[in-house]
Amino acid sequence: MKKLLLMLIFVTLLVAACGSNMPNEIAAKDFWVRSGTKEGNSAAYMLIQNGTSTDDELVGASSDAAQAVEIHLSQMKADGTMEMIQQQSIALPAGKSVELKPGSYHIMLIGLTRDLKSGDEITLTLKFKNRADLTLTVPVKDAEGMGGGGMDGHQTP
Ligand SMILES: [Cu+2]
């Protein structure tokens, strides 16, 4: 009986370890897009998991909610202000997760085609170098309390 119990614990631990939330494909989770107004800009954030054994790259994205979509990296300049630099791609190493978050990598939505209010949803399609596109339905959230509207310079002028 004790042996069986140990066995059960072992199997449970094994399942938990294998499960560790890493899918055996490229997947996105915790995705959200900042609220914004028509003609303005916004940004989408998420965790991208490459659970496969091969490296890949995020090479672009598109959305029904913006005229143009670019991959950006925000970084601090020497004078303490933030700047955004367009990226050709984001590396997705095998077995690793890459976080797109305020103040770092993000998917920039340029020229919103409509107002994006908290509770709305947009369609965002991620394009990868080595595999099929991934289309997400991304919820809109207000940025308040998440670093301020000025983060990433995405505030509407
Ligand atoms: Cu940006």
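Two strands are taken to pair if DSSP finds at least two bridges between them. Strands (E, at least two residues) are DSSP runs, numbered from the N terminus. The structure is a predicted model, in which local features need pLDDT of at least 70, side-chain atom pairs count only at pLDDT 80 or more, and totals for chains, interfaces and linings use all residues. Residues are numbered from 1 along each chain as its sequence is written.

Strand β10 (residues 134-141) is joined to strand β1 (residues 26-34) by two bridges, and these strands run parallel. Within this part of the sheet, R34 has K141 in β10 as its bridge partner. Strand β9 (residues 121-128) runs antiparallel to β10, with six bridges between them; E121 stands opposite P139. A hairpin of five residues connects β9 to β10.

A further antiparallel pair consists of β4 (residues 66-76) and β5 (residues 82-87), joined by six bridges. I71 is partnered by Q87 in β5. Five residues lie between β4 and β5 in this hairpin, and G80 in the turn has a positive phi of about 90°.

Neighbours within four places in sequence aside, I122 is in contact (C-beta atoms, placed from the backbone, within 7 Å) with V33, S63, D64, A65, L116, V138 and V140.

Terms used. Helices (H or I, at least four residues) and strands (E, at least two) are DSSP runs, numbered from the N terminus. Two residues are in contact if their C-beta atoms, placed from the backbone, lie within 7 Å.
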